[in-house]
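Subject: Structure for you to look at

Hello,

Here is the structure I said I would pass on. Please open it beside this email and follow along; my notes come after it.

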Amino acid sequence: MFYKRTLIFLLILSSVGAVLYATGQQAVSAQEQVEVFFWSHLGGTAGEVLTEICEKYSTIEPGVTVTYELTPRVDWENKITTALATGTGPDIFTLSPGNFLRFVNADATVDLTPYFTPEMESDFSSTLYNPLESFRSDGKLYAIPFEGGGIALFYRRDMLGSAGIEPPEYWDELLLACDKLTDDKIYGISLNAAKGSNQNYQWYPFMWQGGGDILDEVNRKSVFGSQATADALDLWGTIIKKGYTAAQFPAHPADQVLIGQGLVAMQIVGNWGVNDLDEGGKFEAASVDFVHLPKPQGGKYVNDLGGNALVGSSKSKYADEVAKFIVWATAEEVDLLIRYCSYGKYSASPRVSVMNGLTSVYTKGLKKKFADLINPAGRYEPSLPPEIVDIIGDAIQNCMFKNGKGLNEAKKASDRIDEFLNTYTGAM
Amino acid sequence: MMKTNRKLYENLSAYFLLFPDLLLLTMFVFIPVLGSFYLSLHKWNGLSQMIFVGLGNYRRIFRDLAWWHSVGISFLYTLMYVPAVFAVALALALLLSNLKARIQGLFGTLYFVPFAVSGIVASFIWKFLYSPKNGYINQALAFLGVAPQLWLGSTKQALISVVIVSLWMHVGFNMIIFLAGILDIPANYYEAAEIDGARSVTKFFRITFPLLRNTNIFILITSSILSFQVFDQVKAMTNGGPGDATNVSVFHIYRQAFEMFHFGYSASMAFVLFMIILVISLLQLNVLKSSRD
């Protein structure tokens with residue numbers, strides 16, 4: 001009886017396995033047209049417009065279908081890496097400058113240079129730093145940005161008004177404002193205290209505004225050990241040690257919900273928060289305004305522009321079609337990019353033609369002010385190897401949470417960066 | 001003949017019933033472990049080709065001060081967590097053992113509930129409780145006249161704050177195991193001790209604790225292993241900070257893999273951590289079992 005039951009069980013198992021295999025074979029053989037997959041974490045209205053861009057391209061190139069697939073934002077880069085490593089990755093995906101270099105060093109990106117004409121390049125803004133430079137390596141273009149935006153110091157009018165404070169323009173004014181605004185219920189300011197590329201992104205402008213920088217890329221040497229770097233490190237250290245900001249917030253430190261709900265009086269927020277904080281937005285009642293990020297005495301205003309770019313996977317079977325789509329979507333199409341930067345997700349565009357179109361859309365409120373004041377003057381987030389991002393993070397953390405002094409930490413980090421560069425052969 | 005057939009039938013049945021679990025263990029544990037060891041012999045960023053480096057990753061570990069610092073943090077965590085969970089679980093089990101069955105069941109369930117909560121969910125809830133300005137813990141302290149604490153925002157308090165959350169999550173499970181051990185002790189031992197005039201403390205140290213030896217060994221070893229594997233609470237509440245105050249070994253390995261993209265190196269760290277845990281477990285087993293002998 002036992003052997004009979006065993007035999008029946010094995011027969012059932014084999015049949016199920018055979019059916020599954022046959023089904024899989026049929027699914028593979030059904031794919032005959034060119035279909036490329038575009039992954040991004042940009043959902044909601046942003047994802048809606050990106051889908052429209054894909055659909056419009058299919059009307060221009062009927063033989064090519066670009067399918068937009070939304071993937072979770074959490075651990076986005078890990079998901080892409082794992083998928084590419086296992087051969088199940090997308091043909092097109094989005095990246096920001098902060099995580100771009102690793103993919104270039106691994107030859108995981110399509111070279112877009114042959115498809116990108118000088119006429120297209122002339123439409124890209126060349127303000128303080130050309131946005132395309134963050135996505136170039138050894139003279140070749142591997143990604144093209146389609147959005148961008150800076151960060152600003154947002155503040156609650158009611159809280160500053162009650163304390164009798166003007167929005168700070170300089171660092172000493174910022175510290176004074178934080179001191180007056182911090183009480184047992186709220187923090188004066190929200191800073192990103194967690195180590196990582198997000199923290200570095202928020203911290204870089206404080207270094208740049210004093211004239212500091214990370215690398216001399218021509219000579220591949222660190223210039224991080226400067227007084228400007230030290231001052232920026234000390235500023236952040238002072239803010240956390242005096243209790244003006246928290247090491248942990250209930251939400252992400254750059255999430256506008258903190259200032260919207262009155263948990264902080266001032267907050268560094270970027271273009272992503274403007275819709276919610278503006279008139280008609282979720283936190284309209286919070287009555288929020290903004291100024292440039294405060295600078296040191298004698299410093300110069302510089303912003304940090306972040307944003308996503310489209311990248312083609314070198315493992316794609318349709319590299320040519322992928323490159324053509326990316327170039328069309330980011331460097332040729334105008335109307336849908338205007339729609340993306342207004343309706344999809346409030347952001348600036350690295351292209352002059354798109355920004356000109358947006359002036360008729362941003363006519364009032366925070367959106368207009370942000371477009372006029374914040375977007376024009378900035379430099380794109382630098383593309384750095386993760387080792388250098390980590391070294392900079394250590395310096396910031398030591399000044400914030402240990403007894404690190406700015407100049408010591410800046411010089412120590414600079415030496416570590418040089419030590420790394422001595423053996424690093426990847427792209428910069 | 002019939003006896004032999006029956007034995008064969010029983011053996012085959014046993015193997016047949018064990019086979020699915022063994023298959024799953026092979027697919028999801030043994031093969032990945034072997035794969036991880038293979039990976040640890042290579043340099044790989046997840047995208048490029050793997051480069052064979054032999055024991056190069058292991059040699060690098062010995063020079064990596066950040067790694068050994070994270071091991072130190074893990075040891076500190078273990079030294080705080082294991083005695084606490086042991087003592088609290090045992091104390092609760094002793095209290096519950098004196099209750100009537102229904103009430104014992106009710107309280108047992110209540111204490112066990114946190115164990116059923118996902119680590120990430122529990123961590124986010126506690127993150128709110130720990131909030132320095134608006135969290136309930138500081139509000140309760142303020143009511144008692146105690147100054148507000150930074151908790152997760154303090155390099156001195158962050159690790160113990162994480163230990164408290166782990167304790168809250170796991171004490172119920174350990175309590176149930178202790179309770180089962182206590183209820184298994186024959187009642188006539190206590191009766192005989194009472195006749196001799198033994199007090200509660202004496203009964204505990206002379207009867208209860210010694211007869212719980214096997215349970216004690218089990219709780220100590222499993223708690224130690226678990227404490228070295230803590231990750232969810234750190235990731236959700238502190239992200240290894242502030243500074244690197246809660247940068248435990250597993251979190252350090254995670255960072256090396258998924259933030260630095262040193263997959264081969266992180267795999268080698270995982271094996272070194274495995275060896276550390278194995279040595280500690282064997283030492284514990286030897287010491288505790290030899291004390292019994």
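Strand 3 (residues 92-95) and strand 14 (residues 309-312) of chain A run antiparallel and are joined by four bridges. Helices (H or I, at least four residues) and strands (E, at least two) are DSSP runs, numbered from the N terminus. Two strands count as paired if DSSP finds at least two bridges between them. Across this pair, Thr94(A) stands opposite Leu310(A) in strand 14 of chain A.

Before going further, please note that this is a predicted model, in which local features need pLDDT of at least 70 and side-chain atom pairs count only at pLDDT 80 or more, while totals for chains, interfaces and linings use all residues. Residues are numbered from 1 along each chain as its sequence is written, and chains are lettered from A and ligands numbered from 1 in the order in which they are written.

Five strands of chain A make up an open sheet with mixed pairing, in the order 2-1-3-14-6. Strand 2 (64-70) and strand 6 (143-145) of chain A are the edge strands, and each pairs on one side only. From one strand to the next, the twist averages 25°. Axes here are lines fitted to C-alpha atoms, for helices over the stretch in contact, and angles run from 0 to 180 degrees between N-to-C directions.

Helix 2 (residues 44-60) of chain A packs on this sheet and touches strand 1 (34-40) and strand 2 of chain A. The direction of helix 2 makes about 170° with that of strand 2 of chain A. Helix 12 (residues 319-332) of chain A lies across strand 1, strand 2, strand 3, strand 6 and strand 14 of chain A, and runs at about 170° to strand 14.

**The two domains of chain A**

Chain A is divided into domain 1 (34-149 + 306-375) and domain 2 (151-305 + 385-423), with bounds from an automatic or database domain assignment. The C-alpha centres of the two domains lie 27 Å apart. Where they touch, 17 residues of domain 1 are in contact with 17 residues of domain 2; a contact means that the C-beta atoms of two residues, placed from the backbone, lie within 7 Å. On the domain 1 side, helix 4 (101-105) and helix 15 (365-373) of chain A each supply at least two residues. Helix 15 of chain A gives the largest share of that side, four residues.

Strand 7 (residues 151-156) of chain A runs antiparallel to strand 12 of chain A, and four bridges join them. Phe154(A) stands opposite Phe290(A) in strand 12 of chain A.

**Two helix pairs**

Helix 8 (residues 197-208) and helix 9 (residues 227-241) of chain A pack at an angle of about 130°, with their axes 8 Å apart. That angle makes the two helices oblique to each other; angles under 35 degrees count as roughly parallel, over 145 as roughly antiparallel, 65 to 115 as roughly perpendicular and the rest as oblique. Trp203(A), Phe206(A) and Met207(A) are the residues of helix 8 that meet helix 9 of chain A.

In chain B, helix 4 (residues 101-116) and helix 7 pack at about 135°, with their axes 6 Å apart. These two helices are therefore oblique as well. Among the residues of helix 4 of chain B in this contact are Tyr111(B) and Phe112(B).

**Between the chains, and two backbone details**

27 residues of chain A are in contact with 21 residues of chain B. Helix 3 (76-85), helix 4 and helix 16 (386-401) of chain A are the elements that give two or more residues to the chain A side. The largest share, five residues, comes from helix 16 of chain A.

Most residues other than glycine have a negative phi, and most peptide bonds are trans. Trp151(B) is not a glycine, yet has a positive phi of about 50°; Trp151(B) is in the loop between helix 6 (136-143) and helix 7 (158-183) of chain B. The peptide bond from Gly241(B) to Pro242(B) is cis, with omega near -5°. Pro242(B) is in the loop between helix 11 (232-237) and helix 12 (249-258) of chain B.

Regards
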